[in-house]
Amino acid sequence: MAQQVRGVVARSKGEPVSVETIVVPDPGPGEALVKVQTCGVCHTDLHYREGGINDEFPFLLGHEAAGTVESVGEGVTEVEPGDFVILNWRAVCGQCRACARGRPWYCFDTHNAAAPMTLADGTELSPALGIGAFAEKTLVAAGQCTKVRSVRPEAAGLLGCGIMAGIGAAINTGNVGRGDSVAVIGCGGVGNAAVLGARLAGASKIIAVDIDDRKLTQAGKLGATHTVNGNNEDAVEAVRKLTGGFGADVAIDAVGRPETWQQAFYARDHAGTVVLVGVPTPDMRLDMPMIDFFSRGGSLKSSWYGDCLPSRDFPMLVELYRQGRLDLDSFVSETIALDEVEAAFDKMHHGDVLRSVVVL
């Protein structure tokens, strides 16, 4: 029997979100009903509200979540009721061309729940990233549930998106290795997670770049060896100076704007790697001399979800958290209620938080 719960809905572009009654169906074959415990307020949710992803309003926002499985549909074997899970938006299919080539982190046919969640009047909702976790319960494909050891849900849920994106940008996409130099441009939640990832990978020099000293201070606590305020000095020149005039081995753009991508490009060493993990809007364009791409060599990569494989990466990172080697708690700036999501967007826009986390 379908259940009625509360959830945060974006009804139209740019309008404030509202808490409304959501109808959640029972899980069908291959699906799971999850009782959400926590959900982080991610910039991607704001992108949805602003129409920066698509225009399939109304949206049920929220995707960076942890909770417990309440029930499962026919054929589900990977999770069972009572399991503590982190939700993910890459439920690999195991059959597409990427999966067949042994690269499931590039899966091109990820699964979502088939039955729609709706408003009380029957209007179908578009769940953010196929999840919709700013709600007391949500219906997802069972493959979107990654079972992990039970830990503080406020911290664990952040692995579902932003923290995984940043750590993965450094470790999985950038292939940061022992002794490498790394520059991270933009030190919000994703950027500071990239700093943390570079530290885990053994980078010897980690240069955090931002225009907000509060974020740079946090980056220093998470492992940055040097910080650069782009308002006070030229970021590219500063990175080059700190790396013997050469540039960083890996430069990560965690903002996703043309100007920050160009900073990352020119701040890396010859034959170095640029990683784009910040999300651009569809209207953004680059205008650069092609000779610069040719003459500098190296790799230009985009990191989609930190090129992660949730079944592999989430349990490993939770274990590092349990061991005290991965400081997820520092990313939890505040805990809030469902009706405070709109205010959390404003705080995020002004750089007041790394993550606001909804607790249900």
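Colleague: Where is the place of Asp212?

Modeller: Helices (H or I, at least four residues) and strands (E, at least two) are DSSP runs, numbered from the N terminus. Asp212 falls in the loop between strand S12 (205-210) and helix H6 (213-222). Please note that this is a predicted model, in which local features need pLDDT of at least 70, side-chain atom pairs count only at pLDDT 80 or more, and totals for chains, interfaces and linings use all residues. Residues are numbered from 1 along each chain as its sequence is written, and side-chain values use heavy atoms, with hydrogens and water left out.

Colleague: Is Asp212 buried or exposed?

Modeller: Buried means under 20% relative accessible area, exposed over 50%, and partly exposed in between (1.4 Å probe, protein chains only). Asp212 is buried, because its relative accessible area is 15%.

Colleague: With which residues is Asp212 in contact, leaving aside its neighbours within four places in sequence?

Modeller: Contact means heavy atoms within 4.5 Å. On that basis, and with those neighbours set aside, Asp212 is in contact with Asn229 and Gly351.

Colleague: What is the relative accessible area of Gln218?

Modeller: Gln218 lies in helix H6. The value for Gln218 is 18%, so this residue counts as buried. Beyond its neighbours within four places in sequence, Gln218 is in contact with Asn192, Ser330 and Leu354.

Colleague: How many residues lie along the chain between Lys35 and Gly223, and what separates their C-alpha atoms?

Modeller: Lys35 and Gly223 are 188 residues apart along the chain, with 34 Å between their C-alpha atoms. Lys35 itself sits in strand S3 (residues 31-40). Its relative accessible area is 43%, so Lys35 is partly exposed. Not counting residues up to four places away in sequence, Lys35 touches Gly67, Thr68, Glu70, Glu136 and Lys137.

Colleague: What is the order of the strands in the open sheet of five strands?

Modeller: Two strands pair if DSSP finds at least two bridges between them. The order is S7-S2-S1-S4-S8, with mixed pairing. Strand S7 (118-119) and strand S8 (126-127) stand at the edges with a single partner strand each, so one side of each has no neighbour in the sheet. Within this sheet, strand S1 (residues 3-10) and strand S4 (residues 59-60) pair in the antiparallel sense over two bridges. Ala10 stands opposite Phe59 in S4.

Colleague: Finally, how many helices and strands does the whole protein have, and what share of its residues is buried?

Modeller: There are 11 helices and 18 strands, and 55% of the 360 residues count as buried. Among contacts between residues at least 6 apart in sequence, 70% join residues at least 24 apart. Along its principal axes, the C-alpha trace spans about 65 × 40 × 40 Å.
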